[in-house]
Amino acid sequence: MKRGILVLTFTCAFLLLLICFYVKQLPGYTGSQVGEIFAGTVTSKPKLQYSSSGNKPSQDGKDYLRFTKWWQASALFKWEWEKPMEYSCKTIVPMGNWHVCMDHPYTIKPPCIVYSFGISNDWTFDDAMGKHGCEVHCFDPSIGKQDFNRSRNVHFHNLGIAGYDSDTFEARKDVYVHHKQIWKIRRLKSVMEMLGHANKTIDVLKIDVETSEWPTAKDLVGSGVLSKVRQFLIEWHLFFDYPSTDKYLELYNTYMAVKDQGFSTFKVDFHHNTIKKNNLLFQADVDYVNTAYKGK
């Protein structure tokens, strides 16, 4: 028994030394920093940070564990959507094909404002939030409808969300867009100003826009509007043909920048997870609460 314990201890020590030797080969790492890395991996708030800057020194003077390949970023995306939830919501309530968290202080109750970008022909989420008593604004320029009121609480707008404003945006062809379409698109900040919500709280922001979420998310972070969002429901897309894999490092940085605003996952449905040699297909419905929200 004692001999077995000694062998196990020796083996673990050898593996630790081997890993330390490997990490010390990374550019810019000293022996003491290696110790910090291993300390970070066993704490709830690890000190590791990621950069797509390769071997170049970071502009802020900090040391980073660097990654430079698209498949490294894809592995991190996969982990993000398969790991345990970051917030354990006790009361998850289905609203059509999405879910909201009803734990205090994230409870959704009237008066409440909901923005829903991306409808196609599925109104179940929008109708459910309307029946819940919320003021719901729905957006989808791909379905060929003009502005109308679906019900007393549910209002449709013929425009899409993006990282900039335009009245002449040419849509990318996909499973929902089969021919040339010119759309009106707006930043979230512009939509809030248009609807008189610039100083309001958005209780639930839902985005399902077939890869347009990436430039949109970058603008959401840069504009600061996420501080006004209590719950964020989004489908993240990485298709075989778009976005291109050379953008994955930038996309991962955008993804993490959203989380740095205080958003923690409470439910994930990772429903497409196909990996090929040179690309992949990932689709994940991810529901977040904003733990940094300081409004209501």
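1. Two strands are taken to pair if DSSP finds at least two bridges between them, and the helices (H or I, at least four residues) and strands (E, at least two) are themselves DSSP runs, numbered from the N terminus. The model discussed here is a predicted one, in which local features need pLDDT of at least 70 and side-chain atom pairs count only at pLDDT 80 or more, while totals for chains, interfaces and linings use all residues. Residues are numbered from 1 along each chain as its sequence is written, and side-chain values use heavy atoms, with hydrogens and water left out.

2. On the overall make-up, the protein has 7 helices and 15 strands. Of its 296 residues, 44% count as buried, where buried means under 20% relative accessible area, exposed over 50% and partly exposed in between, with a 1.4 Å probe and protein chains only. Among contacts (heavy atoms within 4.5 Å) between residues at least 6 apart in sequence, 61% join residues at least 24 apart.

3. An open sheet of 3 strands, with mixed pairing, has the order β9-β11-β10. Because β9 (160-161) and β10 (166-170) stand at the edges with a single partner strand each, one side of each is left without a neighbour in the sheet. The parallel pair of β9 and β11 (residues 182-186) is joined by 2 bridges, and G160 has I185 of β11 as its bridge partner.

4. Strand β12 (residues 202-207) has 6 of its 6 residues buried, so it is largely enclosed by the rest of the structure. With β5 (residues 113-117) it pairs in the parallel sense over 4 bridges, F117 standing opposite I207 in β12. The pairing of β12 with β13 (residues 229-238) is also in the parallel sense, over 5 bridges, and there the bridge partner of V204 is Q231 in β13. Between β12 and β13 the chain passes through helix α6 (residues 213-223), in a β-α-β crossover that is right-handed, that is, with the strands pointing away from the viewer, the path from the first strand over the helix to the second runs clockwise.

5. Helix α6 itself deserves a separate remark. Its buried residues include E213, W214, D219 and L220, and the buried residues of α6 pack against α3 (70-82), β9, α5 (188-194), β12, β13 and α7. The helix is followed by G224, whose phi is positive, near 85 degrees. For helix α4 (residues 124-131), the buried residues are F125, D126, A128, M129 and G130, and just after α4 a positive phi of about 105 degrees is taken by G133.

6. Strand β15 (residues 280-290) has 11 of its 11 residues buried and is therefore largely enclosed by the rest of the structure. L280, F282, A284, V286, Y288 and N290 point one way from β15, whereas L281, Q283, D285, D287 and V289 point the other way. The strand runs antiparallel to β13, to which 8 bridges join it, with H237 opposite Q283. It also runs antiparallel to β14 (residues 263-275), over 11 bridges, and in this pair T274 has L281 as its bridge partner. β14 and β15 form a hairpin with 4 residues between them.

7. D287 is buried yet has no salt bridge, and the nearest side chain of opposite charge, K267, is 5.5 Å away; a salt bridge would need a side-chain nitrogen of Lys or Arg within 4 Å of a carboxyl oxygen of Asp or Glu. In assigning charge, Lys and Arg count as positive and Asp and Glu as negative, while His and the chain ends are not counted. Not counting residues up to four places away in sequence, D287 touches W98, H99, F232, L233, S264, T265, F266 and K267.

8. The last point concerns the nonpolar cores, each a set of buried Ala, Val, Leu, Ile, Met, Phe, Trp, Tyr and Cys residues joined through side-chain atoms within 4.5 Å. The largest has 42 residues, and those with the most contacts inside it are W81, Y115, F117, L205 and F232. Helix α7 (residues 248-259) gives the largest share of this core, 6 residues. Apart from it lies another core, of 25 residues, among them M102, V136, F156 and L233. Leaving aside its neighbours within four places in sequence, Y115 is in contact with residues including H137, F139, L188, V204 and L205.
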